[in-house]
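Colleague: I am new to this structure and would like to learn how to read it. Could you take me through it feature by feature?

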Amino acid sequence: MIHSVKTKGLVLQRYDLGETDRIIVLYTQALGKIKAVAKGIRNPKSRKSGHLELGSLVNLVLSQGKTFYYIDSVTTDHYFRHITLPQIEALFHWLKLINSSSREGEINNDFFNLAVFGINASEEIEKKPWLTSLSEIELYSAIGYGLNTTNCVIGHEALKAEPAWLSVAQGGVICRDHIKNQPKSSALPISINALKVLRFLDSEGLKALPNIRLSDEVASELTDFASTQRHEIFSW
Ligand SMILES: [Zn+2]
């Protein structure tokens, strides 16, 4: 008996297979990351074509083969409107992050929701650039690189309301006293306001973020920190 699964999924990557087929890498709600074959999709008459655009959220009916899943039917649940170059760059960046941060066989509904959130954020990159940076920081936390932002990671004392340093390697904030014995190159200076945002993210989660307003300075600190994390975690 062929096992059939209905699920929502995000299109992360696509590559051609044979004459008319395509392999689609998806992050799905029910199965986590999978590779699925879309048979005949490159045939212009295919009903599947147009529903499997990069970054689309789709409703799938899948059947399980020996090596791959097969996409029996697909409809678009939500098509995100990435039109400008910054939006498209932010989308591709996010899809690459989701792909690099997930492994086939792991099912994680929170991660699925985070993946969808980040795609929404990439659509808003020009209006709210900090949303993508904070989504990225949240993603690293979801894969085990969470940050301690309440206590100094060296001395473990509660942090005072003063500028400090943020270290990816040490997994959190280092206070002004304890940074003296640390290699500064591995930590970024962080303002009180940027720290407040990270604490807010920690306690309220991403859902609370779309309504906040950040100064350009804080937004740029968070962007710098997210790219430092990415560089240390993925080396790109
Ligand atoms: Zn300290």
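Modeller: Gladly. Let us begin with the domains, whose bounds come from an automatic or database domain assignment. The C-alpha centres of domain 1 and domain 2 lie 32 Å apart. Domain 1 covers 4-78, and domain 2 covers 128-146 + 184-234.

Colleague: What should I know about the model and its numbering?

Modeller: This is a predicted model, in which local features need pLDDT of at least 70, side-chain atom pairs count only at pLDDT 80 or more, and totals for chains, interfaces and linings use all residues. Residues are numbered from 1 along each chain as its sequence is written.

Colleague: How many helices and strands does the chain have?

Modeller: Helices (H or I, at least four residues) and strands (E, at least two) are DSSP runs, numbered from the N terminus. Here there are five helices and eight strands. Read from the N terminus, their order is β-β-β-β-β-α-α-α-β-β-β-α-α. The C-alpha trace spans about 65 × 35 × 30 Å along its principal axes.

Colleague: How do the strands come together?

Modeller: Strands of a sheet pair through backbone hydrogen bonds, either parallel or antiparallel. Two strands count as paired if DSSP finds at least two bridges between them. In this chain, five strands close into a barrel in the order β1-β2-β3-β5-β4, with mixed pairing. On average, neighbouring strands of this sheet are turned by 50 degrees against each other, direction ignored.

Colleague: Which strand pairs are antiparallel, and which are parallel?

Modeller: β1 (residues 4-17) and β4 (residues 57-64) are antiparallel over seven bridges, and G9 has V58 in β4 as its bridge partner. β2 and β3 also pair in the antiparallel sense, over seven bridges. These two strands form a hairpin with three residues between them, and Y27 stands opposite K33 in β3. β3 and β5 (residues 69-78) pair in the parallel sense over two bridges, where A36 has Y69 in β5 as its bridge partner.

Colleague: Is strand β3 largely enclosed or open, and why?

Modeller: A residue is buried if 20 or more other C-beta atoms lie within 10 Å of its own, exposed if 12 or fewer, and partly exposed in between; C-beta atoms are placed from the backbone. Five of the seven residues of β3 (residues 32-38) are buried, so the strand is largely enclosed by the rest of the structure. Over the whole chain of 236 residues, 37% count as buried.

Colleague: Which residues touch the most other members of the largest nonpolar core?

Modeller: A nonpolar core is a set of buried Ala, Val, Leu, Ile, Met, Phe, Trp, Tyr and Cys residues joined through C-beta atoms within 7 Å. The largest has 62 residues, and L26 and V173 touch the most other members. Helix α2 gives the largest share, seven residues. Domain 1 and domain 2 both contribute residues, so this core lies between them.

Colleague: What is L26 in contact with?

Modeller: Two residues are in contact if their C-beta atoms, placed from the backbone, lie within 7 Å. Leaving aside neighbours within four places in sequence, L26 is in contact with G9, L10, V11, L12, I34 and A36.

Colleague: Where is L95, and why does it count as buried?

Modeller: L95 sits in helix α1. It counts as buried because it has 22 C-beta neighbours inside 10 Å. Not counting residues up to four places away in sequence, L95 touches L12, L54 and G55. L95 and V11 are 84 residues apart in sequence, and their C-alpha atoms are 8.3 Å apart in space.

Colleague: What can I check on a helix such as α3?

Modeller: You can compare its length with an expected span, which is 1.5 Å times one less than its number of residues. The 14 residues of α3 (residues 129-142) should span 20 Å, and its end C-alpha atoms are 20 Å apart, which agrees. Burial is another check: 11 of the 14 residues are buried, so α3 is largely enclosed by the rest of the structure. Among these buried residues are W130, L134 and Y140. The buried residues of α3 pack against α1 (85-101), α2 (109-123), α4 (192-204) and α5 (216-234). After α3 comes G144, whose phi is positive, near 105 degrees.

Technical notes
Axes are lines fitted to C-alpha atoms, for helices over the stretch in contact, and angles run from 0 to 180 degrees between N-to-C directions.
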